[in-house]
Structure formats: C-alpha cells, structure tokens
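Biologist: I'd like to learn how to read salt bridges in a model. Can you walk me through a few?

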Amino acid sequence: MSDVDALISEALVAARGSDVRLAERQLDRLVVGEPAAVEAALFGRAVRAVGRLWPRGWQPVDVARIVTRRAGVRPARLLADVLAADRRGHATAPTWWDEQLAALDARVWWADDARHLADWMARERLDRVTALREAVEVLAVLDGLPPVAVLRPPPGANPGTAPPGPSGSRMLDRVRALLAKAESTGYPAEAEALTAKAQELMARHSIDRVLLDAGPVDRPAGVRLGTDAPYAGAKALLVQEVAAANRCEAVWSDDLGFSTVLGYPADLEAVELLYTSLLVQATAAMLRGRGERRRTSSRRTREYDDAFLHAYALRIGERLREATDRTSREAASAEGGDRLLPVLASRSEAVRQRVETLFPGVTQGRMTIRDAEGWSSGTAAADRAVLDAGAPPRRLRDGRRSGARPTR
C-alpha cells in the first residue's frame with residue numbers, strides 16, 4: 001500500500017469512529033499531502049468503492065439517496081461524478097441503469113480523473129480542506145454500506161430474466177394526469193376520488209397485462225422507495241398500504257431509509273406512481289390539518305403530524321384496496337374467473353415466497369399513536385365520509401434482522 005493510500009485508509013477509519021479530534025488530525029495529514037496524488041487516489045478509490053456495491057444489490061439511486069441522507073446534498077453531487085466515472089468502465093449497461101444515472105445528472109464533465117477533485121473544488125467554490133473532508137465522508141459512507149437484496153442484475157452480470165421497463169402506455173399517461181390533478185386540488189374529497197380512479201385504471205392495466213402475457217415472468221421484480229425522516233414510519237406505512245393494494249409486498253429498512261417493494265412489473269409501476277403522488281397529497285393535507293387544529297390544543301405538532309400521516313396512510317390503503325377489489329371482480333366477471341383468479345393467486349404466492357427468500361429475518365413492529373386529534377384529522381382528510389379514530393393498530397413489516405420496531 002502506498003503512503004497516500006495508507007493516509008486515506010487511516011482517515012476513513014477515523015471518520016467512521018466517534019473521536020472527532022482524531023478524524024480532524026487524520027484529515028490534516030491528507031491536507032498537507034501532495035495534492036495531485038491525494039486527490040487522484042481519493043477519486044479512484046471512490047470509483048472502485050461504488051463498483052463493489054453493484055454485485056451487493058445496490059443501485060445508483062439507492063447510493064445517491066443514502067449519501068444525501070448521511071453526508072448532504074453537495075457530497076451527493078460528488079457521488080454523481082463518481083457514478084459517471086464508474087459507468088465509463090462498463091461497455092454496456094441496462095436501460096434502467098442509464099435512466100437512473102440520467103435522473104441523477106451523473107455525467108462526465110471533467111477532462112481528467114486524476115484532476116477531478118481539483119476541478120470539482122473550483123466548480124463548487126470550495127476550499128481544499130472542505131473538499132477533502134467531503135470526499136472522505138462520501139468514501140466512508142460507500143465503504144460502510146452492507147449488502148442488500150439484489151433486485152436487478154447490474155452492468156456486467158448475466159441479465160437472466162430482467163423485468164421489462166415501464167410500459168409508457170396511454171393509460172399510464174392518464175393515471176399521471178389524474179394524480180397531478182389530485183395533487184393540485186384544494187378539495188380533499190376530489191383528491192380522494194381522483195386517486196381512487198387512478199387506482200382502478202392501474203388495477204385494470206395490471207389485469208390486462210396478466211391476461212395478455214404470453215410468457216410468464218419467472219419471479220417478481222422489485223423497487224426501493226425512499227422513506228427518510230421526518231415521519232419515516234408513516235412514510236413506510238404508506239408504502240406498505242399502496243403495495244398491498246397493488247398485490248405487492250413491502251419491507252422497510254429503517255436504518256437505510258427505504259422500503260423494498262416486491263411484485264410484478266405493472267404492479268410496481270402503480271406503487272411507484274401512487275406513492276410519489278400520495279406523499280405529496282398527504283403532506284398538503286397534514287399542513288391544512290395543522291391550521292384547523294383547536295387553538296387550545298396542548299399537543300405537540302410533531303405528535304399530531306405523525307398521527308395524522310399514519311391515519312391518512314391506513315385510510316388511503318383501504319380506499320385503494322376497495323378500488324382494486326372492485327376492478328378485479330368486474331374483470332373476473334367479464335373474462336371468466338376460472339382464468340383470471342388462479343393466475344392472480346399464483347402471483348401473490350410468488351411474491352410472498354420472494355419476500356421470504358430475500359428477507360428471511362424479517363420482523364414486524366407495532367406502531368403507537370400518541371395524538372388522537374391527529375389520528376382523527378388524518379382519517380377525515382383521507383375520507384371525509386368515514387371518521388374512525390378508534391381503528392386498531394396495524395403491523396408494519398420491518399426488514400431489520402432482529403427485534404421489533406420501537407414504539408413511536
């Protein structure tokens with residue numbers, strides 16, 4: 001190992017520890033090192049670090065999400081450059097991989113990898129100490145990531161039976177338009193109706209794919225959806241409810257800030273679209289609910305918000321499942337239940353088995369709601385016609401290896 005590599009290794013060990021003074025001393029040793037050698041070694045090491053993550057189940061958007069969460073927005077921009085440099089090392093990559101990189105704006109804009117960090121400092125208008133500190137922080141995050149479930153084969157792996165990409169159908173365009181209108185309306189009842197209609201369309205789309213599929217997919221695919229703070233538990237519950245309404249299963253990895261959703265491609269499309277939209281709708285409804293609270297209320301805002309979002313997620317889940325069940329009954333009546341229902345049942349079983357294979361240590365955690373007013377308001381916001389503040393607690397599937405999720 002070269003002297004520079006040894007310095008970087010010592011700086012990483014210190015950065016992952018709890019001794020702040022030691023971390024600063026090790027960073028100082030990097031700062032006084034030969035600039036060109038230190039900067040080239042840091043960038044090269046980061047590129048190799050992300051390359052080691054791909055066979056361990058990570059995808060570009062996953063890595064970007066957790067670097068943003070743990071290190072910040074600017075270090076995440078540095079990561080995007082690392083991802084772009086890594087992509088040059090692959091002759092080919094799946095379409096979905098390049099789409100993720102494009103969404104992260106991961107592109108090569110610098111001329112020489114050895115000088116990248118110097119160019120990045122100038123671009124971000126950073127001093128050298130700050131730039132080196134953030135580069136070490138990014139590398140420390142990358143080196144510390146555990147293996148996760150492999151949902152899709154990365155570049156260079158055997159593609160096998162990789163799931164198809166989004167269909168891009170006119171129906172999905174209609175769904176997006178309905179959800180956009182639901183997000184923009186100031187009337188909760190209208191938002192509910194529009195979202196329920198979108199769910200019906202996607203349920204019908206999923207059934208049509210089942211009936212038209214000439215060659216069945218051998219196993220379910222998966223996606224990861226972010227559930228960062230604040231109110232990570234409520235977001236995870238929303239993912240779970242939307243997934244259940246679309247014949248998918250969700251497992252929450254609280255420490256990593258995401259839920260893994262397993263299901264078949266058309267159903268995963270529905271979950272991604274709905275979760276993104278409902279998160280916007282739920283947040284808007286929560287903010288409106290704050291303004292409607294009693295002025296004499298002594299409850300803390302955080303407890304109110306948490307209860308509101310949990311109640312909203314549960315009631316929305318009920319509405320979505322009602323829409324799916326209604327559409328499934330109509331389709332079974334029109335197409336013949338003896339043809340459709342066994343296929344749907346076999347797919348649900350395949351998804352369940354996939355969860356057991358990828359998450360053998362999954363546990364369940366019970367949520368605790370501490371603000372009755374927030375619970376009632378959240379339920380009312382999700383459905384003005386049904387107010388059920390006394391609904392029983394629901395269990396949330398938690399992807400940690402042992403122990404239940406702490407009560408909130």
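Biologist: Let's start with R352: which residue does R352 form a salt bridge with?

Modeller: The general idea is that side chains of opposite charge can pair when their charged atoms come close. Keep in mind that this model is predicted. Here the partner of R352 is E349, with the closest N and O atoms 2.3 Å apart. Both residues sit in helix α14 (residues 337-358), 3 residues apart, or about one turn of the helix.

Biologist: Which parts of the chain does the pair R224 and D62 link?

Modeller: Distant ones: R224 is in strand β1 (residues 221-226) and D62 in helix α4 (residues 60-70), 162 residues apart. Their side chains meet at 2.6 Å, N to O. Both R224 and D62 are buried.

Biologist: And where do R87 and D98 lie?

Modeller: R87 is in helix α5 (residues 73-87) and D98 in helix α6 (residues 95-103), so this pair ties together parts 11 residues apart in sequence. The N to O distance is 2.7 Å. R87 counts as buried at 18% relative accessibility, while D98, at 31%, is partly exposed.

Biologist: How many salt bridges does a search of the whole structure find?

Modeller: The search finds 22. There is also a network of salt bridges, which links R315, E318, R319 and E322.

Definitions and conventions: Residues numbered from 1 in each chain as written. Predicted model: local features only at pLDDT ≥ 70, side-chain atom pairs only at ≥ 80, totals over all residues. Heavy atoms only, no water. Salt bridge = Lys/Arg side-chain N within 4 Å of Asp/Glu carboxyl O. Helix = DSSP H or I, 4+ residues; strand = E, 2+ residues; numbered from the N terminus. Buried < 20%, exposed > 50% of the residue type's maximum accessible area, 1.4 Å probe, protein only.
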